[in-house]
Amino acid sequence: MGRELVDFGATLVFGGGCVGLMGVLADSVLAARGQAVGVMPRALVEKEIAHTALTELRVVDSMHQRKAMMADLADAFVLLPGGFGSWEEFCEIATWLQLGIHSKPCAILNVAGYYDGLLSLARLALAEGFLRPAHYKMLIVETDPHALLSKLATTEIPSEVKWVAETQR
């Protein structure tokens with residue numbers, strides 16, 4: 001994924017950590033001579049988990065500021081395999097898209113079926129009426145990084161997507 005980001009001319013904007021998949025991705029981007037910008041709360045920097053070789057590390061006061069800054073800096077959002085933090089951040093940014101707070105594409109890189117369960121849950125929410133078809137269709141899902149980035153570059157987000165129709169109030 002890191003090499004593909006660099007090949008596409010994209011800058012990685014991420015949580016700024018040196019651990020786990022986050023650190024591996026940043027290392028991959030940097031090894032390919034790409035740009036990696038981290039955004040991390042001061043408390044986590046003080047725990048020495050910040051990546052020290054980034055193009056830029058922006059230190060903020062809170063997780064809320066971190067998410068807001070990453071949302072401002074990013075042109076698109078990609079969920080990679082991860083845990084609670086990854087899921088929470090992606091669900092929030094997808095909700096912001098649903099509510100019209102931003103109009104940037106959101107994608108899931110479904111490596112080896114890792115997110116099959118999440119996608120099944122989204123289909124259930126759609127079937128049960130908790131998720132509208134237009135919102136479900138906003139998510140880009142791919143198993144290949146190149147295909148995913150190609151779709152991100154060409155996807156158009158509807159200019160006006162309402163969360164609640166007047167008749168539902």
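How far is the sulfur of C106 from the closest cysteine sulfur? The sulfur of C106 lies 10 Å from that of C91, too far for a bond.

1. Basis. This is a predicted model, in which local features need pLDDT of at least 70 and side-chain atom pairs count only at pLDDT 80 or more, while totals for chains, interfaces and linings use all residues. Residues are numbered from 1 along each chain as its sequence is written, and side-chain values use heavy atoms, with hydrogens and water left out.

2. Cysteines. Zero disulfides (pairs of cysteine sulfur atoms within 2.5 Å) turn up in a search of the whole structure. C91 is in no disulfide, its nearest cysteine sulfur being that of C106. C106 is buried at 0% relative accessible area, whereas C91 is partly exposed at 41%. Buried means under 20%, exposed over 50% and partly exposed in between, with a 1.4 Å probe and protein chains only.

3. Sheet. Three strands form an open sheet in the order β1-β2-β3, with parallel pairing. Its edge strands, β1 (12-14) and β3 (56-60), each pair on one side only. Strands are DSSP runs of E of at least two residues, and helices runs of H or I of at least four, numbered from the N terminus. Two strands pair if DSSP finds at least two bridges between them. Three bridges join β1 to β2 (residues 36-41), and L12 has A36 in β2 as its bridge partner.

4. Helices. Helix α2 (residues 20-31) lies across β1 and β2, at about 160 degrees to β1. Helix α4 (residues 63-73) lies across β1, β2 and β3, at about 160 degrees to β2. Axes are lines fitted to C-alpha atoms, for helices over the stretch in contact (heavy atoms within 4.5 Å), and angles run from 0 to 180 degrees between N-to-C directions.
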